Amino acid sequence: MVGPIAGGRGGGLSELETSRRFEAMAAPHLDAAYNLARWLTRNPHDADDVVQEAYLRAFRFFGGFRGGDGRAWLLAIVRNTFYTWFEQRGRHKADVEYDDAGAGLETVEASADQAMHAGDPETLLLRAADRQLVESALLRLAAEYREILVLRELEELSYKEIGEIVGVPLGTVMSRLSRARLQLRRQIEAMDRP
Amino acid sequence: MTTMNCEEAQQLLPAYGDGELDLPRALALEQHIERCAACTAALRSQRALRQAVRSVPYHRAPDTLRARLRAQLPLPAETPATAAAVPQARTRRDWSRWAMPIAAGLALAVGLNVMLAGQRAQDDLRDELIAGHVRSLQVQHLSDVASSDQHTVKPWFNGKLDYAPPVRDLAQQDFPLLGGRLDYIAHRQVAALIYGSRKHFINLYIWPGAGELAPASQGSEGYNLVHWRHDGMEYWAVSDLNAVELRHFAELQIAAGTNKVANAPNT
C-alpha cells in the first residue's frame, strides 16, 4: 500500500485520484502554512504568494511524499519557498534593519544565564499583555528566530517536528529556540523602554 | 534519584517548559525547583515569555487564498456528496472541502498506514519499536505528558490521534504509569505510554488493530518485546525488563481491559 502516495502522479494513478489525495492531505494544513508564511514575509500579500507557490510545488512533488506527517512536509516546503523567494527578490531594506537589530542583540547572548535570572516575571507579563508590543518585537527578530518561535508556540510543534521542518538536528532546535527566546525578551525590553 | 544542581536545572528548564523532558529528569528538576528560588524565578519568567508569544495573532488563511488555490491546482470538482456531508458554519463557495476539519486527511492517512503497518516486515517494526524505546530513555527524550494519572494522560491524546488509546494505571500491580507521548512508528503517529517497573521503563505502543492475538514474547538486542492484540488495538510493550515480568505486564493490561472493574481508578 505504499503505492498510492509514494507513486503519486507517476504511479499510474489518475490525475483525479492524485488530486483527491493531495487535497485530503494538504487542505487541513492550509492555515498552518499561511500562518508561517505570514510571519516570515510579514505581510498578507507576500504570504498569499508564498503559500500559493508552495502549494503548487507541493503538488508537483507529491509523488515524493512518503506518507506520514503531512503538516511537517508542507511547512518545510512553505519555508523553503519563502527563503528562495526572499533571496530572489533581494533583501529589502526593512529586513536589513531587522537583522541588524538582531545582530546587535547577539552580543548579549553570552550572558544568557544572567538574563534568565534578570527581569521580573511580573513586569514581563505586564509588557506581554501589550500584544502589539510583543507582535512588533517578534516581527523584528531575524527570520530563523521568528520561524522557530512560530512553529513552537503558535503551531505547538515538538522539537522533533521542528527539526524535520527546519532541517536541523534536535540539539540545534534547542539552542536556536533558546537564542530566539533570549532575543525576543531583549527586544521586548528594549522596545518597552521609553 | 540524584540531586540536581542549579547549573543542570537551568539547562533543562527550557525543555521542561516545552514538555520535552523525560519523566525522571522532569521529576528531579521539579524537586530542585521547589528548593531553589532562582530557578523558580527563571521558570516563571520563561512561562511569562511563552504566554507573551502565544498572545500574538494566528493568521488563518483567507478565503481569497483558498479560492486562488482552487483555481490553480488541478483539483477535481467538488462532489455534491462531500459538500452535503460537511455542514459549513460559514459559506465557502470555493474550496469548501479545504475548510474541512482534519478528519479527511487523517482518515486517508490512517487507512493507508494501518495497511502499511500490516505489511511491514515484523523485523523492521521490531527494530523501530526498540529504537523508539531507546530514544525515549535518552537525554532529549520526548515525553509530551508526564503524569501518573490516567485521567490526565488519556485526555491528552485527544485531538492528537484519531483513536483513543486505553490508558490504565497499574500502580497497584507495581507498574506505575509515568506518562505518555506520541511516537512515530511504521509511518504513523502512535500513542506510547511509559510505565515504570522498579528501575526499568516500559514503553507501551498502542494503535488500532483488528482481531485478537495472545501475548507473544520475543527478544532483540538485549530488549524484550511482547506483542498482542485485544479489543481493536494492537499493543507492543518494549523494555529491558526481563521477559517473564514483561509478559506479566501484558497480561495485567489485558485483564484491565477485559475487566472494567480492574480499569476503575485506584483509590
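The model is predicted, so local features need pLDDT of at least 70 and side-chain atom pairs count only at pLDDT 80 or more, whereas totals for chains, interfaces and linings use all residues. Residues are numbered from 1 along each chain as its sequence is written, and chains are lettered from A and ligands numbered from 1 in the order in which they are written.

I begin with chain A. Its secondary structure comprises twelve helices and zero strands, where helices are DSSP runs of H or I with at least four residues, strands are E runs of at least two, and both are numbered from the N terminus. Of the 194 residues in chain A, 42% are buried. A residue counts as buried if 20 or more other C-beta atoms lie within 10 Å of its own, as exposed if 12 or fewer do, and as partly exposed in between, with C-beta atoms placed from the backbone. Among contacts in chain A with a separation of 6 or more, 73% involve residues 24 or more positions apart; a contact requires C-beta atoms, placed from the backbone, within 7 Å.

The next topic is the nonpolar core, defined as a set of buried Ala, Val, Leu, Ile, Met, Phe, Trp, Tyr and Cys residues joined through C-beta atoms within 7 Å. Which members of the largest core touch the most other members? Among its 64 residues, they are Ala33(A), Leu36(A), Ala37(A), Val51(A), Val78(A) and Leu184(A). Helix α3 of chain A, residues 30-41, gives the most to this core, with eight residues. If residues up to four places away in sequence are left out, Val78(A) touches Ala33(A), Leu36(A), Ala37(A), Val50(A), Val51(A) and Ala54(A). A second, separate core has 34 residues, including Leu129(B), Ile202(B), Trp228(B) and Tyr235(B).

I turn now to helix packing in chain A. The axes of helix α10 (residues 143-154) and helix α12 (residues 170-192) come within 9 Å and cross at roughly 100 degrees. Axes here are lines fitted to C-alpha atoms, for helices over the stretch in contact, and angles run from 0 to 180 degrees between N-to-C directions. α10(A) and α12(A) are therefore roughly perpendicular, given that angles under 35 degrees count as roughly parallel, over 145 as roughly antiparallel, 65 to 115 as roughly perpendicular and the rest as oblique.

On the α10(A) side, the contact involves Glu144(A), Tyr145(A), Ile148(A), Leu149(A) and Arg152(A); on the α12(A) side, it involves Arg176(A), Leu177(A), Arg179(A), Ala180(A), Gln183(A) and Leu184(A). These residues divide into six nonpolar, one polar and four charged. In this classification, Ala, Val, Leu, Ile, Met, Phe, Trp, Tyr, Cys and Pro are nonpolar, Asp, Glu, Lys and Arg are charged, and the others, Gly among them, are polar.

α10(A) is mostly covered, with nine of its twelve residues buried; among them are Arg146(A), Glu147(A) and Val150(A). At 1.5 Å a residue, its twelve residues should span 16 Å, and the 15 Å between its end C-alpha atoms agrees; the expected span is 1.5 Å times one less than the number of residues. After the helix comes Glu156(A), with a positive phi near 55 degrees.

Helix α11 (residues 159-166) also packs on α12(A), at an angle of about 95 degrees and with axes 9 Å apart. That makes α11(A) roughly perpendicular to α12(A). Tyr159(A), Lys160(A), Ile162(A), Gly163(A) and Val166(A) of α11(A) meet Leu170(A), Val173(A) and Met174(A) of α12(A).

Chain B has ten helices and seven strands. Buried residues make up 36% of its 267 residues.

What surrounds Val238(B), leaving out residues up to four places away in sequence? The residues touched are Leu129(B), Ile130(B), His133(B), Asn203(B), Tyr223(B) and Leu225(B). Val238(B) lies in strand β7, residues 233-239, and is buried, with 26 other C-beta atoms within 10 Å. Its C-alpha atom is separated by 6.4 Å from that of Leu204(B), 34 residues apart along the chain.

Finally, two loop residues deserve mention. Asp174(B), although not a glycine, has a positive phi of about 70 degrees; it sits in the loop between α8 (150-157) and β2 (177-185) and is partly exposed, with 14 C-beta neighbours inside 10 Å. Asp231(B), also not a glycine, has a positive phi of about 55 degrees. Asp231(B) is in the loop between β6 (223-230) and β7 and is exposed, with 11 other C-beta atoms within 10 Å.

Notes: Two residues are in contact if their C-beta atoms, placed from the backbone, lie within 7 Å.
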